[in-house]
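This report is written for a reader meeting the structure for the first time.

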Amino acid sequence: MMRRAAGIAITLMLLAAPAQAVEPDEILADPALEQRARTISKQLRCLVCQNQSIDDSDAPLARDLRIAVRERLTAGASDDEVIRFVAARYGDFVLLSPPFKAATWALWLGPAAILLIGTAAVAAFLRHRRAASSREPNALDEAERARIARLLDEDGAP
């Protein structure tokens, strides 16, 4: 009974962990503005955690960014203006989905290039393997056959 209660408690804490990132004192009174703030926060990377959005992060810097986003929205900025403001201060790295431009080409095109190179390498390997298996195994050329014949004639003579 006690183990079951502990298991339920741990499960509830794990489920509630992501919800703890946005603290009650950060939440805006206007539900529409709060929803916009949450949507924007999910698009911005926590610079401390790096693999979490600021909406999910408990880091103090993420909290500061969430507050800055809410302040900009309250001041009347559009969603794009808020995102551009944060990106101007912290660079494109802060965006979980960075823009497609010269500085980020490797980020966007790198996986496709690696896939193409890998596919070409596998195709070349299979082509080489198929060509090698279609040849007669250990085939001798005319010079080798003549040499073997001479050796057999010399050793076979009485």
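## A buried arginine

Arginine 66 is buried in this predicted model, because its relative accessible area is 1%, and the cut-off for a buried residue is under 20%. The residue belongs to helix H3, which covers residues 60-74.

Leaving aside residues up to four places away in sequence, arginine 66 touches Ala21, Val22 and Glu26, and also Ser41, Ile54, Asp55 and Ser57.

## How H3 packs against H4

In general, a pair of packed helices is described by two quantities, the angle between their axes and the distance between those axes. For H3 and helix H4, the latter made of residues 79-90, the angle is about 140° and the axes are 9 Å apart. H3 is therefore oblique to H4, since only angles over 145 degrees would count as roughly antiparallel. The crossing of the two helices, H3 and H4, is right-handed.

On the H3 side, the residues that take part in the contact are Leu61, Leu65, Val69, Arg72 and Leu73, and they meet Asp79, Val82, Phe85, Val86 and Tyr90 of H4. Sorted by class, the contact of H3 with H4 has eight nonpolar residues and two charged ones, with no polar residues.

A disulfide is, in general, a covalent bond that links the sulfur atoms of two cysteines. A search of the whole structure finds zero disulfides. Cysteine 46 is accordingly in no disulfide, and the nearest cysteine sulfur to its own, that of cysteine 49, is 3.4 Å away.

## The chain as a whole

The secondary structure of the protein chain comes to six helices and zero strands, and when read along the sequence the chain follows the pattern α-α-α-α-α-α.

Of the 158 residues in the protein chain, 22% are buried. Among the contacts between residues at least 6 apart in sequence, 50% join residues that are at least 24 apart.

Conventions
Residues are numbered from 1 along each chain as its sequence is written. This is a predicted model: local features need pLDDT of at least 70, side-chain atom pairs count only at pLDDT 80 or more; totals for chains, interfaces and linings use all residues. Side-chain values use heavy atoms; hydrogens and water are left out. Helices (H or I, at least four residues) and strands (E, at least two) are DSSP runs, numbered from the N terminus. Buried means under 20% relative accessible area, exposed over 50%, partly exposed in between (1.4 Å probe, protein chains only). Contact means heavy atoms within 4.5 Å. Axes are lines fitted to C-alpha atoms, for helices over the stretch in contact, and angles run from 0 to 180 degrees between N-to-C directions. Angles under 35 degrees count as roughly parallel, over 145 as roughly antiparallel, 65 to 115 as roughly perpendicular and the rest as oblique. A crossing is left-handed if the near helix is turned anticlockwise from the far one by less than a right angle, and right-handed if clockwise. Ala, Val, Leu, Ile, Met, Phe, Trp, Tyr, Cys and Pro count as nonpolar, Asp, Glu, Lys and Arg as charged, and the others, Gly among them, as polar. A disulfide is a pair of cysteine sulfur atoms within 2.5 Å.
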